[in-house]
Amino acid sequence: MAVNPSKKILVVEDEQDIRQLMCLHLSRKGHDIEEAVNGSKAYEILEQKSFDLIILDWMLPGMNGLELLSWIRNKPRPLGITPILFVTAKSEPENIVKALQTGADDYLVKPFDLRVLMARVSSLLRRREMRNLEKEGSQDKLTIGNLTLDREAHKVFIQNQEVILTLSEFLLLETLLKNQGKVLSRQQLASYILGEETNVTSRTIDTHTSILRKKIGDYGKLIETVRGVGYRIGYLK
């Protein structure tokens, strides 16, 4: 079954040339594009409409991208779990980590190659839809102790209390649980979570893992760092 290429994408970018260029190339791929020139306009749009992906600049007039990102991640689903590609001229590692910690699924530093942008967009859209095609022959629920990952509902619960995860965090936990006891390298995790076409740094996976550990509380201690290799999730003792 082919993945439907046409998706609804919101592009939040105040620089007109960059915004128009992104929208042009995304439209050529058949996507339904809506534009916002600042965070406040995006806020108004997102209060009324849902999207398959949000491309979000950091340095916006008024409400900046980081503030908007935080607001989105504190909203209920479906908005709260919408994949977000964070675009920024801030290339310092601490800023990239801050964006990921706030809830970005992926990031791209300006100036960027359009081919890289399109690859990141395709990866974020594909991984979300492919999960819906994965149901047959797979477990609908993965559990460890009182933690349950419901693949059908795309939710995680600890003692019946929902834990809100971004798409990247959900896929990271799902991948670790499906491979419980096995050591997965950072590159393997990046391929599972962000797609084989995406070139990510070890810091990206480390940041997602750190945030996931905090969100799942005591169960985070089961995610073991294997020095020089990657991560695995252990068994309850």
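**Entry 1: a term to start with**

I count a residue as buried under 20% relative accessible area, as exposed over 50%, and as partly exposed in between. Asn160 has 72% relative accessibility, so I put it down as exposed. I note here that the model I am reading is predicted.

**Entry 2: the whole chain**

I began with the overall make-up. The protein has 237 residues, and 48% of them are buried. I listed eight helices and twelve strands. Next I looked at contacts between residues at least 6 apart in sequence. Of these contacts, 59% join residues at least 24 apart.

**Entry 3: helices α2 and α3**

How do the axes of α2 and α3 cross? I found that they come within 10 Å, at an angle of roughly 20°. The cut-off for roughly parallel is under 35 degrees, so α2 counts as roughly parallel to α3. I noted the crossing as right-handed. Then I asked which residues make the contact. From α2 I wrote down Gly39, Ala42, Tyr43 and Leu46. From α3 I wrote down Leu68, Trp71 and Ile72.

**Entry 4: aromatic rings**

I moved on to the rings. A pair of aromatic rings is described by the distance of the centres and the angle of the planes. I counted two aromatic pairs. One of them is formed by Tyr43 and Trp71. The ring centres lie 4.5 Å apart, and the planes make an angle of 45°. Stacked needs under 30 degrees and edge-to-face needs over 60, so I call this pair tilted.

Where do the two partners sit in the chain? Tyr43 is in helix α2, residues 39-46, and Trp71 is in helix α3, residues 65-73. The two residues are 28 apart, and the pair links distant parts of the chain. Both residues are also on my contact list for α2 and α3.

I checked how open each partner is. Tyr43 has a relative accessible area of 30%, so it is partly exposed. Trp71 has 18%, so it counts as buried.

**Entry 5: charges over rings**

I looked for lysines over rings. Which ring does the charged end of Lys8 sit over? That ring belongs to Phe51, and the charged end is 5.5 Å from its centre. I also noted Lys90, with its charged end over the ring of Trp58. Here the distance to the ring centre is 5.3 Å.

**Entry 6: helix α4 and its end**

I went along helix α4, residues 93-102, and marked buried residues. Asn95, Ile96, Val97, Ala99 and Leu100 are on that list. Just after α4 comes Gly103, with a positive phi of about 130°.

**Entry 7: a cis bond**

Which two residues does the cis peptide bond join? I found Lys110 and Pro111, with omega about -10°. Pro111 is in the loop between β5 (106-109) and α5 (114-132).

**Entry 8: two positive phi values**

His154 is not a glycine, yet its phi is positive, near 55°. I placed His154 in the loop between β7 (147-150) and β8 (155-158). Is His154 buried or exposed? Its relative accessible area is 14%, so it is buried.

Asn160 is not a glycine either, and its phi is positive at about 70°. I placed Asn160 in the loop between β8 and β9 (161-163). As in my opening entry, Asn160 counts as exposed.

Note on methods: Residues are numbered from 1 along each chain as its sequence is written. This is a predicted model: local features need pLDDT of at least 70, side-chain atom pairs count only at pLDDT 80 or more; totals for chains, interfaces and linings use all residues. Side-chain values use heavy atoms; hydrogens and water are left out. Rings of Phe, Tyr and Trp (its six-membered ring) pair if their centres lie within 6.5 Å; planes under 30 degrees apart count as stacked, over 60 as edge-to-face and the rest as tilted. Helices (H or I, at least four residues) and strands (E, at least two) are DSSP runs, numbered from the N terminus. Buried means under 20% relative accessible area, exposed over 50%, partly exposed in between (1.4 Å probe, protein chains only). A charge sits over a ring if NZ of Lys or CZ of Arg is within 6 Å of the ring centre and within 35 degrees of the ring normal. Axes are lines fitted to C-alpha atoms, for helices over the stretch in contact, and angles run from 0 to 180 degrees between N-to-C directions. Angles under 35 degrees count as roughly parallel, over 145 as roughly antiparallel, 65 to 115 as roughly perpendicular and the rest as oblique. A crossing is left-handed if the near helix is turned anticlockwise from the far one by less than a right angle, and right-handed if clockwise. Contact means heavy atoms within 4.5 Å.
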